[in-house]
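Have the viewer open and follow along.

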Amino acid sequence: MIVVADASVLVGELLRKRGRELFLHPALHVVVAEDQWGETEHELSRRLGIMESAGRLSADGRRVLQQAVHTMIDTQAIEVVAREM
């Protein structure tokens, strides 16, 4: 199944363990436009910073989570597609 995701959905689900697990499901192909991915990265970083500042996430936990997200991109569990002109 192909799913096109926007930034708000991606941020919400990437912050949840079950969301990250869902994105890794082999029957699911998540596609996001390049500009939406940029917005996702920005908002995800901002929210992780807030969580770390509030003590809900350690610095190591933040790094692990950021690496997990980048691995999803590297393995194309989430595929970033260029905007066609």
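## Starting point: Glu 13

Set aside the neighbours within four places in sequence, and Glu 13 is in contact with Arg 18, Gly 19, Arg 20 and Phe 23. Please keep in mind that this is a predicted model.

Glu 13 sits in helix α1. Is Glu 13 buried or exposed? Its relative accessibility is 17%, and because buried means under 20%, Glu 13 counts as buried.

## The helix around it

In soluble globular proteins, nonpolar side chains tend to be buried together. In this chain, the largest nonpolar core has 18 residues, and those with the most contacts inside it are Leu 10, Leu 14, Phe 23, Val 30 and Ile 78. At least two residues of this core come from each of α1 (7-14), β2 (29-33), α3 (34-53) and α4 (59-74). The largest share belongs to α3, with 4 residues.

Beyond its neighbours within four places in sequence, Ile 78 is in contact with Leu 10 and Leu 14, with Phe 23, with Val 30 and Val 32, and with Met 72 and Ile 73.

## Zooming out to the whole chain

The chain has 4 helices and 3 strands, and from the N terminus on they run β-α-α-β-α-α-β. Of the contacts between residues at least 6 apart in sequence, 74% join residues at least 24 apart.

How does the overall size fit the chain length? For 85 residues, a compact globule would have a radius of gyration near 12 Å, and the 13 Å of this chain agrees with that. Along the principal axes, the C-alpha atoms fill a box of roughly 40 × 30 × 20 Å.

## Surface and charge

Buried residues account for 33% of the 85 residues. The chain exposes about 5600 Å², with carbon and sulfur atoms supplying 54% of that area.

As for charge, there are 10 positive and 13 negative side chains. The centres of these two sets lie 9 Å apart.

How values were computed: Residues numbered from 1 in each chain as written. Predicted model: local features only at pLDDT ≥ 70, side-chain atom pairs only at ≥ 80, totals over all residues. Heavy atoms only, no water. Rg over C-alpha atoms; globule rule 2.2 N^0.38 Å. Buried < 20%, exposed > 50% of the residue type's maximum accessible area, 1.4 Å probe, protein only. Contact = heavy atoms within 4.5 Å. Areas by Shrake-Rupley, 256 points an atom, 1.4 Å probe, with all protein chains shown as cover. Lys, Arg positive; Asp, Glu negative; His and termini not counted. Charge placed at Lys NZ, Arg CZ, Asp CG, Glu CD. Core = buried A, V, L, I, M, F, W, Y, C linked by side-chain atoms within 4.5 Å.
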